[in-house]
Amino acid sequence: MVDMTTSQPKRKGDTTFGHIAYVLRDNPVTMLAFAMLAFFLGCAFFGPALVPYDPLATNAARALEAPGWDHWFGTDNLGRDVFSRVIVATRLDLTISVAAVALSFVLGSVLGSIAGYWGGWLDAVLNRFLDTIMAFPLFVLAMGVVAALGNTVENIIYATAIINIPFYARLVRAEVNIRRNAGFAQAAKLAGNSDLRVLAVHIFPNALPPMMVQVSLNLGWAILNAAGLSFIGLGVRPPTPEWGIMVAEGANFIVSGEWWLAVFPGLWLMLAVFTFNLVGDGLRDMVDPRKRT
Amino acid sequence: MTDTSRRTFLKLTGGTVGAAMLPFLKAMPAQAQSSGRIVVVSGQTINSLDLHRTGTNRASYQVAVNCYDRLVSFGTKDAPGGGLSYDYNVIEPELAESWTISDDGLTMTFKIKPDATFWDGRKVTAADVKWSFDRAVSAGGFPTVQMKAGGLLRPDQFEAVDDETFVITLDQPSKLTLPDLAVPVPFIINAEVAKANATADDPWAMEYLHTTPAGSGAFKVVRWDQGQQLVYERNDAWVGGPLPSFEQVIVREVPSPATRRALVERGDVQMSFNIPNKDAAELDAMEGVDVYSTPIENCIHCLCPNFNFEPFQDANVRKALAYAIPYEAIFQTAAYGRGAPMWGGEADIKDIAWPRKSPYMTDMAKAREHMAASGFASGFEVPLSISLGLADWMEPTALLMQEAFAEIGIKTEIEKIPGANWRSAALVEKRLPLHLENFGGWLNTPDYYFFWAYKHGHLFNSSNYLNEEVEQLVDSTLHIPMDDPAYAPNIKRMFEIAFEDLPRIPLWQPALNVAMNGATGYEFWFHRQLDVRPLTTATA
Amino acid sequence: MDARSKMILGRLAQAIPVVMGVVVISFLLTRALPGDPAAYFAGPAADEASIAEVREALGLDKPLFQQFFLYVGDLLRGDLGTSLTTGQTVMADLAARLPASLELTLVALLLSCAIAIPLGVLAATRPGTWVDHLCRVLVTAGVSMPTFFTGIVLIYVFYYLAGLAPSPLGRLDFIYLSPPHVSGFYLVDAALAGDWETWLGALKQLILPAATLALFTLAPIARMTRAAMLSALSSDFIRTARAAGLGRGKVLYGYAFRNALLPVLTTLGMVFSFTLGANVLVEKVFAWPGIGSYAVEALVVSDYAAVQGFVLAMALLFVALNLIIDIAYALIDPRIGLN
């Protein structure tokens with residue numbers, strides 16, 4: 001972070017914090033995105049404690065009620081409160097995407113660093129392996145993994161992580177590769193540091209900024225992926241609330257006029273992904289305005 | 001020929017769209033749309049035009065029904081949920097003109113209709129029947145098993161005496177043989193066409209008939225786009241029954257139930273086959289759409305506790321389950337009140353009606369009593385398994401059960417199992433401790449149901465239930481006539497044991513729902529597939 | 001030129017282990033799927049013996065490595081096996097369904113480009129203004145919508161409520177019959193046959209699913225266009241052109257845009273192969289008879305041959321597409337491939 005910010009022309013304030021504040025002021029959309037991120041994090045942490053109803057409690061007498069004062073988002077076919085389910089689902093959906101992205105981040109970093117630093121046959125083998133994964137239709141690969149391992153939350157995380165690994169590994173490999181013979185790396189090695197130490201302490205941190213951007217964009221994608229898996233029936237187990245499953249189940253009720261079952265979780269899902277995407281954009285602005293797209 | 005001239009030509013031919021015309025036709029002429037044609041949507045996919053082939057799925061059985069004839073068929077009666085239903089108690093001729101059964105019940109002689117012809121114009125002979133039956137008992141898999149249920153095991157039981165006389169010889173008399181000839185499996189194939197397309201590796205022409213039916217039935221297949229549509233066209237020379245009213249029937253596959261509902265509701269299609277209970281309940285209330293909900297004979301949705309799982313060996317635990325189930329809530333939320341309740345019946349069994357209400361009802365006090373009296377008073381944990389493919393009724397059912405069972409200390413986790421795994425886990429390996437199941441017997445007698453679902457080792461006995469008395473009762477009852485003096489007492493005894501032991505806890509008898517908009521004449525069949533032959537245009 | 005063909009050969013050689021890897025992984029993945037296809041396909045009333053018969057007929061009774069060698073042997077002979085769900089050879093299934101998916105994807109991308117590229121150019125000419133922010137929010141909103149949700153909402157609004165769109169029944173309404181098969185693309189085939197009524201019918205069916213996919217693909221294309229335009233506009237030759245007094249339109253479209261096209265084309269290639277794989281959910285919603293819905297069905301019932309065939313076909317497409325992009329680069333850009 002520091003490395004990147006100092007390379008920029010000094011505007012108002014020369015600290016990292018100052019730069020962030022500058023970018024936020026300059027870009028109202030990013031500001032909004034961070035506010036929404038705070039909202040979703042709030043839902044994830046405190047939502048289950050604050051919702052008006054037990055998200056799992058059925059009430060057959062009040063099934064399929066339209067949104068109203070009692071039930072802000074209406075009730076589903078078993079009489080469960082859609083609002084409570086949507087809010088409580090935030091934690092699970094965010095957990096899935098964060099865990100999946102963290103896993104692919106770590107694995108991708110290790111694989112990419114090794115290939116980028118040592119090169120040679122290791123690099124060649126890893127590249128072919130990543131090509132192989134990339135050559136798979138990714139969503140179908142995730143489906144296959146979940147179908148083979150069974151549909152539990154952990155397996156959805158693994159499947160989402162696997163299809164994301166190549167992106168991180170490629171990124172790290174490229175960043176490490178161009179720096180492995182750089183002056184500061186040579187100097188560190190000459191100073192008696194082991195290869196591993198040079199790689200981990202001196203070279204790898206340089207790859208972090210672009211990776212943080214990738215992480216944020218990927219979080220949104222991971223949510224969509226998990227929701228898609230749920231949509232075709234390979235998602236989390238009922239009665240656990242999850243946005244994708246709620247949209248999938250609610251979809252059958254739209255035509256009969258009970259639109260709230262699918263629309264609210266769908267909107268929430270969309271807003272969450274939207275938030276992550278905008279935050280990713282914002283992070284990119286902070287890391288390197290020139291790369292902004 | 002330009003597009004316009006082609007259409008003019010079609011108008012000249014009076015809207016009769018011949019099979020030969022179809023490949024050249026791009027858009028259907030307007031008048032064919034209003035009369036002679038019906039469009040049906042279904043969520044299931046047809047994967048073969050030959051029922052005998054390995055891997056043919058259920059939806060494909062409709063081709064055997066609509067394109068082929070059997071020797072006999074079932075009669076027709078008014079169905080309880082509106083519309084018509086097949087009548088298990090009446091056997092009618094289809095390709096056979098008449099039949100006689102010897103006094104010892106071992107020899108059945110069929111006379112084939114002299115004017116019956118295959119689509120290619122050749123006369124239907126007893127040799128064709130023999131070849132088709134030989135094929136059904138030799139093909140292996142499902143067709144062979146179904147033939148066996150009627151005592152039809154080997155080719156040497158079938159004999160073509162002359163062109164119009166066909167004889168079946170049985171090892172033992174059975175009340176199931178004649179009805180078994182009316183199920184979709186023993187359909188009659190044009191053996192000459194089939195043999196001409198058979199190879200040394202494929203003596204039964206499985207590859208050819210898979211895509212090209214060769215029969216004598218009411219409809220021919222003129223077009224099959226796998227995964228999209230099947231187009232039937234009437235065979236005007238059909239002698240198996242009254243000539244169908246529609247000249248052309250298009251069966252479109254639409255996976256999304258919401259889309260199917262919108263289509264039939266807007267009148268873009270005339271029929272939606274096998275619609276969800278909720279849609280049935282709502283469409284029924286609408287103007288212009290007719291809904292037929294026929295309770296499926298000999299079929300019950302059940303909760304099955306597996307006897308291999310220790311807590312369920314305790315009769316008190318099983319009874320606690322039966323008293324804890326919120327039957328009415330399940331029936332309303334999962335079935336939307338479609339079908340027939342199977343709880344709260346009288347304890348005293350006076351008749352042999354089946355499916356029948358169990359003597360259990362929701363009574364949490366009794367459920368707790370039974371739990372307290374069991375060896376598992378402190379409760380236990382168990383997965384409650386449901387099939388992904390049947391999630392529309394299984395999932396709400398399981399969710400409501402999960403809540404109720406938690407109250408008596410049985411903690412369940414709902415496990416959704418995908419299609420391929422469901423069959424092997426539930427029925428073949430029988431390893432699911434607690435699961436939902438919905439066996440329905442094709443042949444409509446209680447002993448037939450018990451044969452499949454209560455005998456140890458049999459496919460639908462997914463509870464691993466074993467009771468020596470039931471074994472012996474089923475064996476001695478299965479083949480005897482229903483008017484045999486031993487029949488009714490045997491059946492009543494089976495019911496008693498089944499309700500006492502509870503390897504299957506009945507929930508409700510499901511209904512098959514069909515919505516029609518602009519057509520009528522729907523007939524329910526035990527095979528739960530679409531019979532397009534009796535359909536007609538609705539007259540306003 | 002020699003160096004170039006060497007480079008192309010090198011890229012080809014790199015593709016071989018990838019394809020081999022895909023074959024191995026897809027084989028192992030399908031075998032790891034739960035359930036017993038033999039039991040599933042033996043039918044509703046099958047007993048142990050008939051299941052065993054089916055298993056033998058499917059060759060599933062053999063040890064795993066033997067099954068693998070049989071599979072590879074069949075592959076080398078060009079035989080992808082027979083799908084149990086559809087009852088057809090996998091080759092025939094793919095041949096029938098791939099054009100449907102390709103047509104949908106291509107139309108969606110065309111639609112997407114028609115919107116995204118002007119948006120990107122617009123944003124690039126006014127960086128930092130509200131126009132730029134609005135473009136960004138719009139395309140990000142598009143990529144944030146789960147395709148299955150967008151599809152359902154579009155059907156509800158445009159078909160069920162407004163009655164504007166035709167019934168979502170796949171590629172053609174039932175009043176039409178598919179045009180004579182030439183390319184498998186209905187739009188092309190109908191046009192070749194001169195049957196404009198069917199052409200229009202096919203186009204109508206395409207609009208909603210294509211719009212669903214297009215919304216999802218706006219973002220990468222618009223972003224890349226914007227970035228490429230920005231870097232082109234800030235480069236020296238544009239400054240020179242401006243200094244020389246060339247008109248604004250001429251500078252923008254004659255020079256900057258042409259130079260920005262190459263990265264946009266590369267992105268398009270990536271987006272295309274990604275979208276083809278991500279079609280799955282859209283196809284399911286619109287009853288589209290493409291390979292995506294085929295793969296989902298096959299996966300759920302453990303139809304080994306169909307899943308493997310699908311994965312292999314997609315992988316080959318992906319590899320071929322990348323090769324074409326690389327080669328195109330080598331041919332266009334003189335700096336690549338000569339040293």
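Start by selecting residues 120–135 of chain A: this is helix α5, with 16 residues. From its first C-alpha to its last it reaches 23 Å, close to the 22 Å expected at 1.5 Å a residue. Keep in mind as you look around that this is a predicted model.

Which residues of α5(A) are buried? Colour Leu130(A), Asp131(A), Thr132(A), Met134(A) and Ala135(A) to see them. While the helix is on screen, remember that an α-helix has 3.6 residues a turn, so residues three or four places apart point the same way.

Now zoom out to the whole of chain A. You will find 12 helices and zero strands here. The C-alpha atoms of the chain fill a box of roughly 75 × 50 × 30 Å along the principal axes. Of the 293 residues in chain A, 52% are buried. Among the contacts between residues at least 6 apart in sequence, 66% join residues at least 24 apart.

Next, move to chain B and show its strands β4, β5, β7 and β6, which form an open sheet in that order with antiparallel pairing. At the edges are β4 (96–101) and β6 (158–162), each pairing on one side only. Neighbouring strands of the sheet are turned by 20° against each other on average, direction ignored.

Pick out β5 (residues 107–112) and β7 (residues 165–169) of chain B: five bridges join this antiparallel pair.

For the last stop, select residues 126–138 of chain B, helix α4. This helix lies across β5, β6 and β7 of chain B, and runs at about 175° to β6(B).

Methods: Residues numbered from 1 in each chain as written. Chains lettered and ligands numbered in written order. Predicted model: local features only at pLDDT ≥ 70, side-chain atom pairs only at ≥ 80, totals over all residues. Helix = DSSP H or I, 4+ residues; strand = E, 2+ residues; numbered from the N terminus. Expected span 1.5 Å × (residues − 1). Buried ≥ 20, exposed ≤ 12 C-beta atoms within 10 Å, placed from the backbone. Contact = placed C-beta atoms within 7 Å. Pairing = 2+ DSSP bridges. Axes fitted to C-alpha atoms, helices over the stretch in contact; angles between N-to-C directions.
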